[in-house]
Amino acid sequence: MLIAGFPAGAWGTNCYVVAPAAGEECVIIDPGHQAAQGVEETLRKHRLKPVAVVLTHGHIDHVASVVPVCGAHDVPAWIHPEDRYMMSDPEKALGRSIGMPLMGEITVGEPDDVRELTDGSGLTLAGMQFSVAHAPGHTKGSVTFQMPEAADIPPVFFSGDLLFAGSIGRTDLPGGSHAEMLESLARVCLPLDDSTVVLSGHGPQTTIGRERATNPYLREVAALRQGRAADPTAAPRRGM
């Protein structure tokens, strides 16, 4: 398995390129602000051919390069229907007035081929399996992607802005909900094996085991499920 990730743009959003191996087809996850050049460099370096772009949610820092990347390679973009509007109306998703300056070098709109993700579905792309889980809280249409354990790697969990190393995504933007975030953490993250590698939308990689032991938000939902008092500490939340 080949997973190449890099932080892109003003928000340092992690974009991932995933393939069975070098020289094969691949999937691009969250090509955000100023990610197109990094995507092309990664494709050339590993001799990869994209077959799809998949999106954890619709915030502009995760989708700003979707149109040029999909257009350059004539591939579809997959997104949850509740976040689809954000590709064409990013200001609304951020609670900003239409016409306010957002950022330069952003192509607003949808690629030619947009397909919708559903909770519990399985995607087979580039010969790889991705399990989709709807995980609202950061946005109404946030999703995660899980890949099963392979011969050379443990299970991999692309968490978007649901779960970070030591923190979680913010819930104060339009469509955000702290209650939904906690429910998604409990339903989607807690059942995962401790060995699962977490590749999030911002920051370094971690594991479910490390977050289960140290992340105050994940500890809180675990405590609530077990009827214990929640951890009083809390880390700053991240993401756009």
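Leu 48 touches Leu 2, Val 17, Ala 19, Ala 21, Ala 22, Gly 23, Glu 24, Cys 26, Thr 42 and Leu 43, leaving aside residues up to four places away in sequence. Leu 48 is also among the residues with the most contacts inside the largest nonpolar core. The model is a predicted one. Its protein has 240 residues, and 54% of them are buried. The secondary structure comes to seven helices and 14 strands. Of the contacts between residues at least 6 apart in sequence, 63% join residues at least 24 apart.

**Nonpolar cores**

- The largest nonpolar core has 28 residues.
- Besides Leu 48, those with the most contacts inside this core are Ile 28, Val 39, Val 53, Leu 55, Val 66 and Met 87.
- Two or more residues each come from β1, β2, β3, α1, α2 (60-63), α3 and β5 (77-79).
- β1 gives the largest share of this core, four residues.
- A second core of 22 residues is separate, and Trp 78, Val 132, Phe 158 and Val 197 are among its members.
- As a general background, nonpolar side chains tend to be buried together in soluble globular proteins.

**Helix α1**

- Helix α1 spans residues 36-46.
- Its buried residues are Gly 38, Val 39, Thr 42, Leu 43 and His 46.
- Seen down the axis of α1, these buried residues fall within an arc of 135°, so they line one face of the helix.
- An α-helix has 3.6 residues a turn, so residues three or four places apart point the same way.
- On the other side of α1, the exposed residues are Gln 37, Arg 44 and Lys 45.

- Gln 34 has a positive phi of about 60°, although it is not a glycine.
- Gln 34 sits in the loop between β3 and α1.
- Gln 34 counts as partly exposed, at 42% relative accessibility.
- Arg 47 follows α1 and lies in the loop between α1 and β4.
- The phi of Arg 47 is also positive, near 55°, in a residue other than glycine.
- Arg 47 counts as exposed, because its relative accessibility is 56% and the cut-off for exposed is over 50%.

**The six-stranded sheet**

- Six strands form an open sheet in the order β7-β8-β9-β10-β13-β14, with mixed pairing.
- β7 (122-125) and β14 (206-207) stand at the edges.
- Each edge strand has a single partner, so one side of each is left without a neighbour in the sheet.
- Strand β10 (residues 156-160) pairs with strand β13 (residues 197-200) in the parallel sense, over four bridges.
- Phe 158 has Leu 199 in β13 as its bridge partner.
- Phe 158 also belongs to the second core.
- Helix α5 (residues 178-189) packs on the sheet and touches β8 (128-134), β9 (143-147) and β10.
- The direction of α5 makes about 145° with that of β8.

**Thr 139**

- Thr 139 lies in the loop between β8 and β9.
- Thr 139 is buried, with a relative accessible area of 0%.
- Leaving aside residues up to four places away in sequence, Thr 139 touches His 57, His 59, Asp 83, Met 86 and Gly 175.
- Thr 139 and Met 181 are 42 residues apart in sequence and 9.0 Å apart in space, C-alpha to C-alpha.

**Cysteines**

- The structure holds zero disulfides.
- Cys 15 is in no disulfide, and its nearest cysteine sulfur, that of Cys 26, is 9.9 Å away.
- A disulfide needs two cysteine sulfur atoms within 2.5 Å.
- Cys 15 counts as buried, at 0% relative accessibility.
- Cys 189 is buried too, with a relative accessible area of 0%.
- Cys 26 is among the residues that Leu 48 touches.

Key: Residues are numbered from 1 along each chain as its sequence is written. This is a predicted model: local features need pLDDT of at least 70, side-chain atom pairs count only at pLDDT 80 or more; totals for chains, interfaces and linings use all residues. Side-chain values use heavy atoms; hydrogens and water are left out. Buried means under 20% relative accessible area, exposed over 50%, partly exposed in between (1.4 Å probe, protein chains only). The arc is that of the directions from the helix axis to the C-beta atoms. A nonpolar core is a set of buried Ala, Val, Leu, Ile, Met, Phe, Trp, Tyr and Cys residues joined through side-chain atoms within 4.5 Å. Contact means heavy atoms within 4.5 Å. Two strands pair if DSSP finds at least two bridges between them. Axes are lines fitted to C-alpha atoms, for helices over the stretch in contact, and angles run from 0 to 180 degrees between N-to-C directions.
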